[in-house]
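Thanks, everyone. I have one model to show and a few local details to go through, so let me put it up.

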Amino acid sequence: MNPSARGWIKKLLKSIDKPDSSHGLSEDMLYIKLRKCGFVYGSNLFTIESYLSNSDFTNEERCKINLFLALLNTYNNSDSSEKFIDSVINFYKIINAYKTSLFSEILRDKNDAYTLEKIIHKRIQIDTNALTKNFKYFVTNALMYVDILAFNHFLTSPKTTESYIKKLEATIETIVFNALSVKEQKSTYDNSLIKLLESSLRYQNHEHYSYEEIIAINHNKLESQYILDIACMATWSDQIIDAQEHKFLTQLAFDFDINDEILHEAIASVNHFYTTNKKNIALLSSKNVVESFYHNSSSLVSKLISRNSKRLLIELKESKELVMLISKATLRDLTKEEQKKINAQLLDLFKSIPSFAIFMLPGGALLLPLFIKFIPKL
């Protein structure tokens, strides 16, 4: 199953009936799994289904899978009589508030699995331009669990869903900025988190609430838990939650009627997740624009080569001169004439493999050196 290819939802649904699948989880168990895999923190390091441990999945693809499975699990815990896919599509129609018209165009499509695939693809991304996003450090929306809470609300009270999600996002925004305000100096992590959360908000022009107004709103158990975890995420930096930050979290837990055991668990969870996976979480990296471009582009090119390896090997066998030039490139710098030849032949090769069309887009030539670097690994 390839979550970047058409038809992945139908393939995923067929695999869900496996004995080790977990689509029948309670709300609490689902949340724990989503937090453990990083979905709650905006960094999907693995999927909630152990049998979907494909290391070839990107962060975006794992996010797609986790979002879909979480929506399905939420639906299965409801009494809704509407078909699952119809229900999810109608949910996104109600809360559609995107800046671009593309999402609106998608919502005019049929209520089928392919339409849902397009919705999920659009929903999880902050920036959808395949080349531009390689210069961006954050691609995946960090507040995806808001969709799960809002979908759960939609299943019982569809007419008030938009109002619900606005208040929830406003709550998160207020809590995060109050959490960060207790810090004397903001680190690179803190500034990155602000940018990430601002980019992830669906409703950015809504009315702002004070802390006092936020705690006056009634929140259920899962909402309170999520808000606390996001606050822990905001206060965590350099593997430390200092005394002032701990005081803020203790007050927040008290105001949201959260006991000390859950508070300590939330702090321990974010600390364990970030310290264990520090190298794999974009939020914790201090890469500059060039390093970010190289890192993300390398991942993209490596994935494309891996997924199209059989077709690529067949094409390469028919182009001995191209193989020779690639071999030379691993030993020395190519001459200008050789560079022209290898670029021309690579572009001809890309025409025969649809997945490689990205290299033919404006700016795609920037990725050719990376392609040449990864080819010998075949």
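Ile95 is buried, because its relative accessible area is 0%, and the cut-off for buried is under 20%. Bear in mind that this is a predicted model. Where does Ile95 sit? Ile95 lies in the loop between α4 and α5, the latter being residues 102-106. Its C-alpha atom is 9.1 Å from that of Ala150, a residue 55 positions away along the chain.

Ala150 also takes part in the next item, the packing of α4 against α7. Helix α4 covers residues 84-94 and helix α7 covers residues 145-154. Their axes come within 10 Å and cross at roughly 105 degrees. That angle falls in the range of 65 to 115, so α4 and α7 count as roughly perpendicular to each other. Which residues make the contact? From α4 they are Ser87, Val88, Asn90, Phe91, Tyr92 and Ile94, and from α7 they are Asp147, Ala150, Phe151 and Phe154. Sorted by class, this contact has 7 nonpolar, 2 polar and 1 charged residues.

Now to another site, in helix α2, residues 27-37, where Arg35 is found. Is Arg35 buried or exposed? Arg35 has 6% relative accessibility and therefore counts as buried. What does its side chain reach? There is a polar contact, at 3.2 Å, between the side chains of Arg35 and Ser269. Setting aside neighbours within four places in sequence, Arg35 is in contact with Val40 and Tyr41, with Gln225 and Asp229, and with Glu265, Ala266, Ser269 and Phe273.

That is what I had; I will take questions.

Terms used
Residues are numbered from 1 along each chain as its sequence is written. This is a predicted model: local features need pLDDT of at least 70, side-chain atom pairs count only at pLDDT 80 or more; totals for chains, interfaces and linings use all residues. Side-chain values use heavy atoms; hydrogens and water are left out. Axes are lines fitted to C-alpha atoms, for helices over the stretch in contact, and angles run from 0 to 180 degrees between N-to-C directions. Helices (H or I, at least four residues) and strands (E, at least two) are DSSP runs, numbered from the N terminus. Angles under 35 degrees count as roughly parallel, over 145 as roughly antiparallel, 65 to 115 as roughly perpendicular and the rest as oblique. Contact means heavy atoms within 4.5 Å. Ala, Val, Leu, Ile, Met, Phe, Trp, Tyr, Cys and Pro count as nonpolar, Asp, Glu, Lys and Arg as charged, and the others, Gly among them, as polar. Buried means under 20% relative accessible area, exposed over 50%, partly exposed in between (1.4 Å probe, protein chains only). A polar contact is a pair of N or O atoms within 3.5 Å; within protein, one must be able to donate a hydrogen and the other to accept it, and residues adjacent in sequence count only if both atoms are side-chain atoms.
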